[in-house]
Amino acid sequence: MKFGKKTAFAALVAASALVFAGCAGGGDVIEEGSGGGSGSGDGEMYIALVSKGFQHQFWQAVKKGAEEKAEELGVRITFEGPAAETEIAQQLEMLTAAIDKNPNAIAYAALDPEACVAPLEQAKAKDIPVVYFDAPCDGDVGLSLSATDSKVAGALAAEHMADLIGGKGEVAIVGHSQINSTGVERRDGFVDKIEADYPDIKIVDIQYGDGDHLKSADIAKTLIAAHPDLKGIYGTNEGSAIGVVNAVNELGLEKGKITIVGFDSGAAQINAIKDGTMAGAITQDPIGIGKQVVQAAYDAANGDSVEKFYDTGSYWYDKTNLEDPKIAAVLYE
């Protein structure tokens, strides 16, 4: 995982403007413990977490893990994110507001890896340690990343897709982002694996629906209409995958006619797997991500060393292993 130095002028201007605008965004704030941050003078450690969003069950599970670790360590946290993962400006407002509170540490999941460079330089100037979860920011401020190795996870999805369609045929991808690292790496891991090991499988198209159910459903319908021999569709996050499931159901297609491989968990995907609409999916360990990033932030705030990357793992699940205790532990509804 690389934290490169790419500071775009436009991003710098936009982010700097947010410093003066203050926090005008929505999103939930979850606090654990009592008292204030480093600015309150009461000595209690305060860690500010800024997530990518709240609209998917994945982020609720990350929040749960963060809360559990915060309680264990006896620290106070706030956990917030924009209403949708397309709201980059709102997320930057939340980040700027968090920095203004002078927390002992900041944990951040970047929607846009370049736009966050300037505000995080302000955190560095204030000696606030920064750690990342799920997706890093560019630049050299972040000390650590707690996340799934998304390229490995994408390759795992490709292996199962290939096996399910018999190693040949046309497939397509409905992605959730071509900007943030999770979208890029889950796509590239899948594409690279197919191109390297499955010469009889052709990826006919890659489209992006921003992780939105409705957009992803419309994209999936268009793909199915344009490619009548399509054998499979890979959705790179919860919203993308459920959009594909909804499209297949709305078109009235026979279950299994299109092999759907998803990513993440949540009740809707689990139900789609149980009823045979979706073949299976890759799940992460979001509770583990939440716990690990709070631990990393705590260690960084105390001046202790942290690892550059904490890989929290990825797992395939389908009808055959939903009840396996190891899989059940990383599924979230």
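Mentor: A disulfide is a pair of cysteine sulfur atoms within 2.5 Å. The model is predicted: local features need pLDDT of at least 70, side-chain atom pairs pLDDT 80 or more, while totals for chains, interfaces and linings use all residues. Numbering runs from 1 along each chain as its sequence is written, and side-chain values use heavy atoms, without hydrogens or water.

Searching the whole structure gives 1 disulfide. Its partners are Cys116 and Cys137, with S to S at 2.2 Å. The S-S torsion is about 120°, so this disulfide is right-handed. Cys116 sits in the loop between β4 (105-108) and α4 (117-125), and Cys137 in the loop between β5 (130-133) and β6 (145-147), so the bond ties together parts 21 residues apart in sequence. Helices (H or I, at least four residues) and strands (E, at least two) are DSSP runs, numbered from the N terminus. Both cysteines are buried (under 20% relative accessible area, 1.4 Å probe, protein chains only).

The largest cavity holds about 80 Å³. Its lining (an atom within 4 Å of a point) includes Lys52, Trp59, Glu85, His176, Arg186 and Asp264. Helices α2 (57-73) and α6 (181-197) each give two or more residues to that lining. Domain 1 (46-148 + 286-313) and domain 2 (150-284) both contribute to the lining, so the largest cavity lies between them. Those bounds come from an automatic or database domain assignment.

Methods:
Buried < 20%, exposed > 50% of the residue type's maximum accessible area, 1.4 Å probe, protein only. 1 Å grid on protein atoms, 1.4 Å probe; cavity = no way out; pocket = protein on both sides within 12 Å on 5 of 7 lines; lining within 4 Å. Points joined across faces, edges and corners; volume = space filled by probe spheres on them.
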